[in-house]
There are 2 protein chains.
Amino acid sequence: MVAEALLASWRDTPTRAAIVGFVDAVVAKDSARFLPPADRVAVFDNDGTLWCEKPIPIQLDFTLFRLAEIAAADEAVRQQQPYKAATERDYHWLGAAMVKHYHGDDADLGVLLKAVERAFEGMTVDAFATEAGEWLRTAVHPQLSRPYLSCAFVPMIELLRYLEANDFTTYIASGGDRDFMRPFAEQLYGIPPERVIGSALGLDLRTDDDGVDLLYKSKMEFFDDGPQKPVRIWSRIGRRPLIAGGNSNGDIPMLRFAQTTTRPGLRLLVLHDDADREFEYVTGAEDALTRARDMDWTVVSMATDWARVFTEI
Amino acid sequence: MVAEALLASWRDTPTRAAIVGFVDAVVAKDSARFLPPADRVAVFDNDGTLWCEKPIPIQLDFTLFRLAEIAAADEAVRQQQPYKAATERDYHWLGAAMVKHYHGDDADLGVLLKAVERAFEGMTVDAFATEAGEWLRTAVHPQLSRPYLSCAFVPMIELLRYLEANDFTTYIASGGDRDFMRPFAEQLYGIPPERVIGSALGLDLRTDDDGVDLLYKSKMEFFDDGPQKPVRIWSRIGRRPLIAGGNSNGDIPMLRFAQTTTRPGLRLLVLHDDADREFEYVTGAEDALTRARDMDWTVVSMATDWARVFTEI
């Protein structure tokens, strides 16, 4: 199928032309830049790149749900922060914790993070997948009036399919939690669990007569952002990506990893400049945008390059 | 193709019947134990399961080569252990270090392990892959009079292809180093880098004007053996295996992980009982063999079940 049909939600802009031109050059057997399918690896950040990350990351909303669930069982816990804020859906306390953090006071943020790290302690990986999957099936975006499961960017899903049609293997490489993404990544993005790379809680093995289970620790194994992204991509794939897409400063090392001195890569940076259809912000992406301009990365403007952002609901 | 043709190096024994019977039951659409291809995950240990691990693991021989390479550049280093033993290929010193270890004296073993951990410090992942690949292309087994690259067990390679023909996805899940296995696993086993799970050295990101590279630290990130095996399998695949194959005590948790109370798994344990064609030993596999007998795991006898062990050379 021709690129234009697979990328139907992309407008006919220089951005689309840059993507198609790059892929064509890699795929054409007589091209100086031809590469075999094994080398056609494409990695994409998730939050803000494949789906919406404002006003708060969707995973954080799930974690707040979980904190409220923990608090529901214990009145004393319910009176403590952050369980109180989670139970009352008091975004003011959460927002204030972030403001205090920016002013150098990490007391409330520390309280929040400690609870977040402990939120799934002792839960099996199977129970977590069930709980995350069930929550996502009904959870709704607080501002866009659509289910979270309809908050994926349609043009990016088309891009995944277009790349796969050109024998690329697609991966998610996100700062988000690996096991939170796995239950929905296949349904939403067509990306199976083994191709989901992300942050991870530590795991313990529980062994009894019934067999072995894996349980989350109350401590992260690694936070897959910034310089960790190339490390985790290598650990999981064992190859450099040829295409990398992101939207924030934490994606810079991953995008740089996609190019070597002898082999060009395609670096895509999603710019949130569409207050009408999604959100407009550059906070947390300033360095990436500067580098994109200086190093000829391909900036994807939601407002300009996308004919539509979300599915009709 | 029928199983018998794909498993041509397997004799017609109860072991082969158990394997084929298990796979048939999973694949048949009208079977009570039918599972879709996504759930058909098979994991295999490498050393002693897919290829020979005696008299020393092949990777250790490579590491000794590397220690000799380091020592070659420095006369002073060459006079110290374990560089001296590595340079002179003095297996006596290495063997004695192990004997001392068994008698409670870890001084020499500690010296060895410290050097091993440092052997690749600061090397890029690409340079390591090249060096390991080049070494393996010419290295020869010290007793079997065949290249290391001909030390894979032919029946196990046939088993990989047979499982893939039945829509299983095959993985290596080994205590061996992930990045040591990757350069040869595709050629030898038909398993690409993204499906090689194993132990890992820590990685650092080096960033300069030319881009980013990954360099090994002098410290392991994790040793993928025993209880770590299910953790690493989950981290990489995000599914439980349905078939697991190993040969030693370190494989027990992985083999147990392949079965739940509601879903039978196939657990294969390779028994080295063939002094004529390979080696005969049970040291390090005693617990696994006991459990195999008690829990109805499938023991693969090299002597009885395999019509041939290695390729003709």
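Modeller: A salt bridge here is a side-chain nitrogen of Lys or Arg within 4 Å of a carboxyl oxygen of Asp or Glu. By that rule Glu4(A), Asp12(A) and Arg16(A) are linked in a network of salt bridges, and the structure, which is a predicted model, holds 41 salt bridges over all chains.

Turning to the interface, six salt bridges are counted between chain A and chain B. In one of them the side chains of Asp213(A) and Arg240(B) meet, with N to O at 2.8 Å. Another joins the side chains of Asp213(B) and Arg240(A), also with N to O given as 2.8 Å; this pair crosses between chains, running from strand 4 (residues 211-222) of chain B, where Asp213(B) lies, to the loop between helix 11 and strand 5 (243-246) of chain A, which holds Arg240(A). With a relative accessible area of 13%, Arg240(A) is buried.

The contact itself draws 38 residues from chain A and 38 residues from chain B. The area buried between the two chains is about 3100 Å², and carbon and sulfur atoms give 51% of that area. Of what chain A buries against chain B, Val212(A), Trp234(A) and Arg256(A) supply 20%, more than any other three residues.

On the side of chain A that touches chain B, the elements giving two or more residues are helix 8 (125-138), helix 10 (178-189), strand 3 (196-208), strand 4 (211-222), helix 11 (228-237) and helix 12 (252-257). The residues of that side divide into 17 nonpolar, five polar and 16 charged.

Two salt bridges within chain A can be set beside these. Arg178(A) pairs with Asp179(A), the closest N and O atoms being 2.9 Å apart; Arg178(A) is buried at a relative accessible area of 3%, and Asp179(A) is likewise buried at 3%. Lys217(A) pairs with Asp204(A), with the closest N and O atoms 3.8 Å apart, and this pair links distant parts of the chain, Lys217(A) in strand 4 and Asp204(A) in strand 3 of chain A, 13 residues apart. Here Lys217(A) is partly exposed, with a relative accessible area of 35%, and Asp204(A) counts as partly exposed at 38% relative accessibility.

Definitions and conventions:
Residues numbered from 1 in each chain as written. Chains lettered and ligands numbered in written order. Predicted model: local features only at pLDDT ≥ 70, side-chain atom pairs only at ≥ 80, totals over all residues. Heavy atoms only, no water. Contact = heavy atoms within 4.5 Å. Buried area = accessible area lost by both parts, 1.4 Å probe. Helix = DSSP H or I, 4+ residues; strand = E, 2+ residues; numbered from the N terminus. Nonpolar A, V, L, I, M, F, W, Y, C, P; charged D, E, K, R; others polar. Buried < 20%, exposed > 50% of the residue type's maximum accessible area, 1.4 Å probe, protein only.
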